Amino acid sequence: MIKKIVAFVLMIVILVGLYAWKTKVSAPIVNSDEPPVIAAKVFGDKTYDYQADKLSNKCSLDSQMACAVEFAVKCTLNPDYAGCRESKLPKFIFMTDESLNRPTKMSFKIAKIKPIAADLVEIHTDSTCDGNWFGLCQGRIIYVLVPNGEDWRVKDIYALEI
């Protein structure tokens with residue numbers, strides 16, 4: 001009977017020791033409902049200009065999110081630009097009615113990057129263009145981005161009246 005009591009006490013001491021060691025060396029787990037903080041890329045007051053007849057095949061920005069916005073702008077200017085038709089951009093970008101007044105020149109400046117959730121980010125831009133295009137190229141234009149594999153893609157575009 002004494003052997004059973006000693007074994008039981010020894011087992012309790014070992015378990016308490018292991019628990020104390022685990023809580024001391026392991027990092028605490030923090031649960032949060034906050035969206036992840038995206039490293040703020042400083043774009044400053046730089047304005048990016050594009051012309052439908054002079055679109056480069058390479059992204060001129062060094063951010064995957066900003067490159068997604070640039071790609072949407074290039075597809076707005078020329079829906080036959082490489083990769084546009086196969087992309088999952090909003091379908092209205094590919095409409096070809098002459099009355100829509102598709103721009104041939106467009107520029108944007110990134111005003112704000114706003115994380116909404118882990119898989120949803122808004123990029124606010126101040127944009128100008130030489131067309132009308134649903135009112136989505138003049139003023140404060142917001143590009144809604146979602147993950148696309150290891151990159152990002154524009155899921156939706158809307159404008160804010162300031």
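Student: Why is Phe134 called partly exposed?

Tutor: The relative accessible area of Phe134 is 39%, and since buried means under 20%, exposed over 50% and partly exposed in between, with a 1.4 Å probe and protein chains only, Phe134 is partly exposed. Bear in mind that this is a predicted model, in which local features need pLDDT of at least 70 and side-chain atom pairs count only at pLDDT 80 or more, while totals for chains, interfaces and linings use all residues. Residues are numbered from 1 along each chain as its sequence is written, and side-chain values use heavy atoms, with hydrogens and water left out.

Student: How do you know whether Tyr48 is buried or exposed?

Tutor: Tyr48 has 10% relative accessibility and therefore counts as buried; Phe108, with a relative accessible area of 1%, is buried.

Student: What makes the pair of Tyr48 and Phe108 stacked, tilted or edge-to-face?

Tutor: Rings of Phe, Tyr and Trp (its six-membered ring) pair if their centres lie within 6.5 Å, and planes under 30 degrees apart count as stacked, over 60 as edge-to-face and the rest as tilted. The structure holds four aromatic pairs. In one of them, the centres of Tyr48 and Phe108 are 5.6 Å apart with their planes at 40°, so the pair is tilted. Because Tyr48 lies in strand 1 (residues 48-51) and Phe108 in strand 2 (residues 105-117), the pair ties together parts that are 60 residues apart in sequence; strands here are DSSP runs (E, at least two residues) and helices likewise (H or I, at least four), numbered from the N terminus. Ring pairs also link Tyr48, Tyr50 and Phe108 into a cluster.

Student: Why is the pair of Phe92 and Phe134 classed as it is?

Tutor: The ring centres of Phe92 and Phe134 are 5.4 Å apart and their planes stand at 80°, so this pair is edge-to-face. Phe92 sits in the loop between helix 2 (64-77) and strand 2, and Phe134 in the loop between strand 3 (120-129) and strand 4 (139-148), 42 residues apart.

Student: What makes Ser127 buried or exposed, and which side chain does Ser127 join through a polar contact?

Tutor: Ser127, which lies in strand 3, has a relative accessible area of 4% and is therefore buried. The side chains of Ser127 and Thr125 are joined by a polar contact of 3.0 Å, the term being used for a pair of N or O atoms within 3.5 Å, where, within protein, one must be able to donate a hydrogen and the other to accept it, and residues adjacent in sequence count only if both atoms are side-chain atoms.
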